[in-house]
Amino acid sequence: MPRQSNQATVPREAAPQTGKIRRLHLPQKLRNLELFLLTIACGVNLGAVVLVQLGALGLIDTTLVLLGASLSGLVFALHFVLRFVAREADPFLLPIATLLNGLGIAMIYRIDIANNESGWASAAVRQTVWSGMAIACAIAVILIIRNHRVLFRYTYVAGFVGVALLLLPLVPGLGREVSGARVWIGIGDFATFQPGEIAKIALAVFFAGYLVRNRDSLSMVGKKFLGMRFPRLRDLGPILVVWALSMSVIIFQRDLGTALLYFGLFLVMLYLATARLSWVLLGMALFLGGALIASQTLEYVNGRFTNWLDALNPVVYDAAGGSYQLVQGLFGLAKGGLIGTGLGQGRPELTPVPQSDYIIASLGEELGLAGIFAILALYLLLVARGFRIGFAGQDDFGKLLGVGLSFVIALQCFIVIGGVTRVIPLTGLTTPFLAAGGSSLVANWIIVALLLRLSDTVRNQPRLVV
Amino acid sequence: MNPSELTLLVLRLAFLLVLWLFIFGIVYALRSDLFGHRVRKLATDATPAAAAPGAPFATPPPAPVPAAAPFAQAPSASASAPTEQFSRQSAAPAAPAAPAGPEKATTQTATRLVITSGPKSGTEFPLGSEPVTIGRSSDSSLVIRDDYTSTHHARLMLWHDDWMLQDLDSTNGTFLNGKRVTVPTSVPLNTTVKIGATSFELRR
């Protein structure tokens, strides 16, 4: 980095010597690479939609292609904004996010064709519009937040906003209950939104700021036991508060996945800030204990565990709220085989909610193992870039924020894809970028915007922060 | 125009191929990514600066300039423990045999700035051929965020290839080897510069 910024300041240095200000055009290597990858990603997205139409309809319908093209236009707009306000931002985040988003839209469109839905009833059209709004939000974030350290000032505001957003669905009249989980808000019959998705960003900012300020007491003192330094009893406050928060999400909002997401996020950031394994062990023991008690006492958690452990039992399979969905998804994945049935040629609509929670199973059926691994590789690259940005950051707040934000994407992928493939009990969370759902798209694009901003400040100035 | 089975199969395989090519394209680009680039660039830049790039510390350069001969031991002293180094510095004013103090830090001799005390003690920062600004503001090259540092506190600048330390009218002062810097002063190698709660040295 220092070398790179040296090069960037060459014109400034040269100016006094020549006596007149000369504007040197440095080639924006990173941005050009991004443009190249972005073009490929948009091409692949277009190809996916066309393949869906050829496979399912046997003809090419230009209306949705045009809609997709306008979305591509918006992505390129984000790229050009980056050329001016974040020249040194990471060039891989935007193409990867674009490709994942486009693949999701193509798959949702495929389900729409199977369900004979078109116009505003079509989830694909709504998803495209939401994507447009999400990218617009990302552009706004890039333009407004010119330095991530601004967020450090609003640590406690972010914490308050995060908790408030979490509690919003519990407000009577505002909250909506969809398939058992009370995590939506809505005004009237339309515009439902999942505030928990935005809360994860606010909480990541809060955890990062809080831990930078208070980590000394959490990392320095304590007794050594079994080769690890365990924290003092009175320092357990923060972890217990977050644990209580996630347990209340399990109990009152009946959402296992969200609770796991927030607690996992806090645990990882705590580990990053203190470099103590004992926190992770302690936290995992707390959460597993809580989940075990919940599975014994709460009926819906118990049902999830039964569906997971005994999925192929005919009694469980046929029961109401049983493992029918899970097993259908597995059948779909099995039908896909190595290279899939081809886009538009499978039967993903046989699984309940194939466009949101089960989009991975739908994609697995039509793109096969090769396609699923490609998608997982995309997630891996995205998260790895985020970790790299956090690792390269000079200030501790930026480090924690970068790793926290990318870990939240990784954990969410693990919870959803692990649930669909029967690695862990299934819980309702959206697959980042792929699944139908506006709030998730907005939140994930904001995360991408923050990571882009973070990578730009990391590579520019300052070189060393004490 | 109902596409044939074969067309669809070819298109399906082509799609997967493009998807994977995209991923391998990214992995290939990551190889020459900025973060990886840095190591190579530093290595080529450091070669002219340090006589022995492999171990610039352990073997002091064979002193081609005769004036540098009396201080040939100075670089090797910096390799030893900090306590020893401290005694060398405190002994320096007592020994009048040293006419001009330790060797001057120039772009040729000093390649890095090492934080010796403070929160980021042990961190290094490569010195190039452009000035280093020090202060609390985030546009400084070396940002020191403590209560004793001014927004634009001091700067290290080059005067005919020599590193000079200039105090930018800071509130709490800049100290070179314990003495407050009032006018731009030439900085010797391995000498403590103290700003706020942080001290650093310029080293080979």
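This is a predicted model: local features need pLDDT of at least 70, side-chain atom pairs count only at pLDDT 80 or more; totals for chains, interfaces and linings use all residues.
A:Leu338 sits in the loop that runs between helix H15 (324-336) and H16 of chain A.

That leucine belongs to a group. Together with A:Ile339, A:Leu369, A:Phe373, A:Leu376, B:Leu6, B:Leu9, B:Val10 and B:Leu13, A:Leu338 forms a nonpolar patch on the surface, and the accessible area of these residues together is about 790 Å². Which helix gives the largest share of the nonpolar patch? It is H1(B), which contributes four residues. At least two residues of the patch come from each of two helices, namely H16 of chain A and helix H1 (5-31) of chain B.

Staying with H16 for a moment, this helix of chain A covers residues 359-392, and A:Gly371 is found within it.

Another exposed leucine of chain A is A:Leu312, with a relative accessible area of 56%, and its place is in the loop between helix H13 (299-309) and helix H14 (314-318). Between A:Leu312 and A:Asn444 there are 34 Å in space, C-alpha to C-alpha, and the two are 132 residues apart in sequence.

Next, I would like to turn to helix H8 of chain A, residues 155-167, where 13 residues at 1.5 Å a residue should span 18 Å, and the 19 Å that separate its end C-alpha atoms agree with this. Which residues of H8(A) are buried? They are A:Thr155, A:Ala158, A:Gly159, A:Gly162, A:Leu165 and A:Leu166. Looking down the axis of H8(A), we find these buried residues within an arc of 130°, so they line one face of the helix.

Finally, chain B contains an open sheet of six strands, in the order E2-E1-E11-E10-E7-E8, and the pairing is antiparallel. At its edges stand strand E2 (124-126) and strand E8 (179-180), each of which has a single partner strand, so that one side of each is left without a neighbour in the sheet. For E8(B), two bridges in the antiparallel sense join it to strand E7 of chain B, residues 174-176. Opposite B:Phe175 we find B:Arg180, which lies in E8(B).

Methods. Residues are numbered from 1 along each chain as its sequence is written. Chains are lettered from A and ligands numbered from 1 in the order in which they are written. Side-chain values use heavy atoms; hydrogens and water are left out. The expected span of a helix is 1.5 Å times one less than its number of residues. Buried means under 20% relative accessible area, exposed over 50%, partly exposed in between (1.4 Å probe, protein chains only). The arc is that of the directions from the helix axis to the C-beta atoms. Patches are made of residues with over 30% relative accessible area and no salt bridge: like charges are joined within 9 Å, nonpolar side chains (Val, Leu, Ile, Met, Phe, Trp, Tyr) within 5 Å. Accessible areas come from the Shrake-Rupley method with a 1.4 Å probe; for residues, only the protein chains shown count as cover. A salt bridge is a side-chain nitrogen of Lys or Arg within 4 Å of a carboxyl oxygen of Asp or Glu. Two strands pair if DSSP finds at least two bridges between them.
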